[in-house]
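Please look over the sequence and the model below before reading on.

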Number of protein chains: 2
Amino acid sequence: MLPDKRQIEICISPALYHKFHKDEAIVVVVDILRATTAICAAIENGAKEIRPVSTLEEAREFKNKGFWVAAERDGLVQDFADFGNSPFNFTPERVKDKTIVYSTTNGTHSIRMAQKSAMVVIGAFINFSALKDLLIAENKDVVMLCAGWKDKFCIEDTLFCGAMAEALMASNLYGTSCDSTYASIDLWQVAKGNVLQYIEKAAQRHRLKKNKLDDVLEYSFSFDKTKSVPVLMGDAILAYKKDKWEKFLQIKKGEAINY
Amino acid sequence: MLPDKRQIEICISPALYHKFHKDEAIVVVVDILRATTAICAAIENGAKEIRPVSTLEEAREFKNKGFWVAAERDGLVQDFADFGNSPFNFTPERVKDKTIVYSTTNGTHSIRMAQKSAMVVIGAFINFSALKDLLIAENKDVVMLCAGWKDKFCIEDTLFCGAMAEALMASNLYGTSCDSTYASIDLWQVAKGNVLQYIEKAAQRHRLKKNKLDDVLEYSFSFDKTKSVPVLMGDAILAYKKDKWEKFLQIKKGEAINY
């Protein structure tokens, strides 16, 4: 570990996030099957913003107020919701210029949990290169937060983190002294030759199959299908744009001064 | 996953244990560097029993009552203690027929945490085959609990779990649908050709080096240096013996009836 390098850490469960939180780090929230893949698709397809909410009660309240709501638990669309959790739900026709309130089993809670860090971005294989470029441009320590499955470790999120850690460390700007980062990189080495075959080991792959929701697999493990990086600004997730982000930071700073 | 097979799960942090606890499972507590390796060495070398305590305050109280006390935090022996956390501390000359009260940074807390399961056993590379044989003879679901480092994932405990999961599954009596079990097995495949080289990635290896405590590495990753399996009976860890264990279960059952 060279002290002048930015540090990468991987948190494999939201239940451990308090051990990893750093105010000054960028947090990449990862829920490959399917929340963060779906958010990347929605933002790419022109959704104005996504509002992540942790509980179904909050999601239902927003529905009653007239919002478009995506809400899922254990893979299944909730009866009051307009959308489920498949990235294929969020087509341009359905999402363009809309605000969508979003609640999922694991992913949206993780996003809210990280909101006190310097920046929260949404990571998926489908926005891999765009995200990597933004992380390098921001030049901060990176914590990758796996949404996992009900606080347990899951393979698919870890593979993404391993792939991203490998790519960042190849830039020579990043280092790590974090055991889960080394382990994730090595797991990615084992899997990357045939990710779709490797993912047969993942419990979530079989949950999706059981519910006939596994049409998303090939898409979810494809690199660079989208070019935008969803970023949390206050209560909403928007496509990252440099000028918008800087304005948001100024406002946030102003608010902090006003306290 | 065939339903007639015993199930293996791996819990990579004590902070997640509540997600894995099953009353009817055997819990294998793993803290390779160095608590569970040290306990195996102490029991093999004739210690009468080890009493794991979670806090230093408890350890100090026992010391004041005249017990032999092993107490360590962040790798360093506590000033009031007779022993530190190195397996080389627990020589036959020092431990034979003694009761030793034991408190470590991560390991002893994990042992107490699991005590409501059917059986808590102590796992290390140095008692690998003896432990594997006992697990197979007991014929129960197995939860391996990594002590980790301050609730974070650590490589060395995960490697042990991967090795043990591989060995149990090779018996064809065990299966898994647990992502961390598959990942641990694959990590073990990467490491097993040269474990001492692989362990250079582990943060704990460098913590030990910094404190000049890394003389234990080769021993800690050696298979089958000991033949006994330490098992928790009530408040104490003893060498497993079938007749003693059955008597303990009868007493426990009797106590339950008496409640």
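Two residues are taken to be in contact if their C-beta atoms, placed from the backbone, lie within 7 Å. The model is a predicted one, and in it 22 residues of chain B are in contact with 22 residues of chain A. On the side of chain B that touches chain A, two helices of chain B, α6 (155-170) and α7 (179-191), each supply at least two residues. Of the elements involved, α7(B) gives the most to this side of chain B, with seven residues. Sorted by class, the side of chain B that touches chain A consists of 12 nonpolar, four polar and six charged residues.

The strands of chain B can be followed from β4. Strand β4 (residues 68-73) of chain B runs parallel to strand β6 (residues 99-103) of chain B, and four bridges join the two; within this pairing, A71(B) has S103(B) of β6(B) as its bridge partner. With strand β5 (residues 76-77) of chain B, β4(B) runs antiparallel and is joined by two bridges, and here E72(B) has V77(B) of β5(B) as its bridge partner. β4(B) and β5(B) form a hairpin in which two residues lie between the strands, and D74(B), in the turn, has a positive phi of about 50°.

In chain A, attention turns to a pair of helices. The axes of helix α6 (residues 155-170) of chain A and helix α7 (residues 179-191) of chain A come within 7 Å and cross at roughly 100°. Because angles of 65 to 115 degrees count as roughly perpendicular, α6(A) is roughly perpendicular to α7(A). The contact between them is made on the α6(A) side by T158(A), L159(A), C161(A), G162(A), A163(A), A165(A) and E166(A), and on the α7(A) side by T181(A), S184(A), I185(A), L187(A), W188(A) and A191(A). By class, the contact of α6(A) with α7(A) has eight nonpolar, four polar and one charged residues.

Returning to chain B, is D79(B) buried or exposed? D79(B) has its place in the loop between β5 and α3 (92-95) of chain B. Because a residue counts as exposed if 12 or fewer other C-beta atoms lie within 10 Å of its own, D79(B), with 6 C-beta neighbours inside 10 Å, is exposed. From C-alpha to C-alpha, D79(B) and I237(B) are 24 Å apart in space, while in sequence 158 residues separate D79(B) from I237(B).

Methods. Residues numbered from 1 in each chain as written. Chains lettered and ligands numbered in written order. Predicted model: local features only at pLDDT ≥ 70, side-chain atom pairs only at ≥ 80, totals over all residues. Nonpolar A, V, L, I, M, F, W, Y, C, P; charged D, E, K, R; others polar. Pairing = 2+ DSSP bridges. Axes fitted to C-alpha atoms, helices over the stretch in contact; angles between N-to-C directions. Parallel < 35°, antiparallel > 145°, perpendicular 65-115°, else oblique. Buried ≥ 20, exposed ≤ 12 C-beta atoms within 10 Å, placed from the backbone.
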